[in-house]
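Hi,

Here is the structure for your files. Please open it alongside this note; my findings follow below.

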Amino acid sequence: MPGADPLVELLMTNGFVAPDEEAAELRAAERDGNLEALVARRLTGEPLAWITGTVEFCGHAIRIDPGVYVPRWHTESLAQRAVQRMPGNGSGIDLCTGSGAIAAVLIAERGARMVGTDLDEQCVACARRNGVDARVADLYEGVPDTPVDVITGVVPYVPTADLPLLQRDTFAFETTLAYDGGTDGLDIARRAVEGARTRLRSGGALLLELGGSQAEQLDLDGFTDVSVLRDEEGDPRGIEATRR
Ligand SMILES: C[S@@+](CC[C@H](N)C(=O)[O-])C[C@H]1O[C@@H](n2cnc3c(N)ncnc32)[C@H](O)[C@@H]1O
């Protein structure tokens, strides 16, 4: 077709589902004529955000360093719900913060005082660059025990046996640390709920991302108004619960 964009054609031929958008993002990330090198990286399946260094999340530009989990569109509904539950100048903990995307949105939109924790040093460094007070820690480890208004967590929740079912390229670039939730996928979520019993003030909100029917399997004793969070397509994506 005359006038067709060769970069868009190349991405399309290689199976990328949004070739126009990707071509535009790669071109915007080009520095000193390195477009060819950026495209070559993308053709290996490397996440686009690792190459461009940024992703849009809830309308905010979030910096993403190579190796750091890229926040997903389906997590936006959880972040938006957290914004609604956060009082002005309130406080929160973002468990398993990754790039700090959720915490960064709460800081930008609510002026929230947020602490983020992650086991991965690269993630913590990236979250700090996104303006989050992030620490290398296992869930609540080392976080001041003053009760907060909101706790968020996109914890790893894939059952170990299901890890091979994830997208083909996932573990060519990422480790299982961001995904592996143990036998039924709920090992870390259960610990997140347990800690929230003492870390949330009465009336405070717990928002956890989960998959499928996992919400029904969690013991949410001590919480009220438990509801399932759904994405734009109506699929269950997590739980929201209020501390009694
Ligand atoms: C699915 S990613 C979510 C990252 C981020 N919240 C987001 O939505 O983009 C899960 C993150 O949990 C971290 N992680 C795994 N186990 C953890 C633990 N026990 N304590 C803290 N962080 C953990 C991983 O390093 C990874 O960055």
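The centres of domain 1 and domain 2 lie 28 Å apart, taken over C-alpha atoms. Domain 1 covers 6–63 and domain 2 covers 73–243; the bounds come from an automatic or database domain assignment. Domain 1 gives 11 residues to the contact and domain 2 gives 17, where contact means heavy atoms within 4.5 Å.

A word on provenance. This is a predicted model: local features need pLDDT of at least 70, side-chain atom pairs count only at pLDDT 80 or more, and totals for chains, interfaces and linings use all residues. Residues are numbered from 1 along each chain as its sequence is written, and side-chain values use heavy atoms, with hydrogens and water left out.

**Domain interface**

About 1200 Å² is buried between domain 1 and domain 2, and carbon and sulfur atoms give 70% of that. Buried area here is the accessible area (1.4 Å probe) that two parts lose on being put together, summed over both. Phe57, Cys58 and Arg63 supply 51% of the area that domain 1 buries against domain 2, more than any other three residues.

The rule finds 3 residue pairs in polar contact across the interface, both residues at pLDDT 80 or more. A polar contact is a pair of N or O atoms within 3.5 Å; within protein, one must be able to donate a hydrogen and the other to accept it, and residues adjacent in sequence count only if both atoms are side-chain atoms.

**Ligand site**

The ligand is surrounded by 17 residues, the closest being Cys96, Asp118, Asp138, Leu139 and Ala178 (a heavy atom within 4 Å). A polar side-chain atom of Asp118 sits 2.7 Å from a ligand oxygen.

Best wishes
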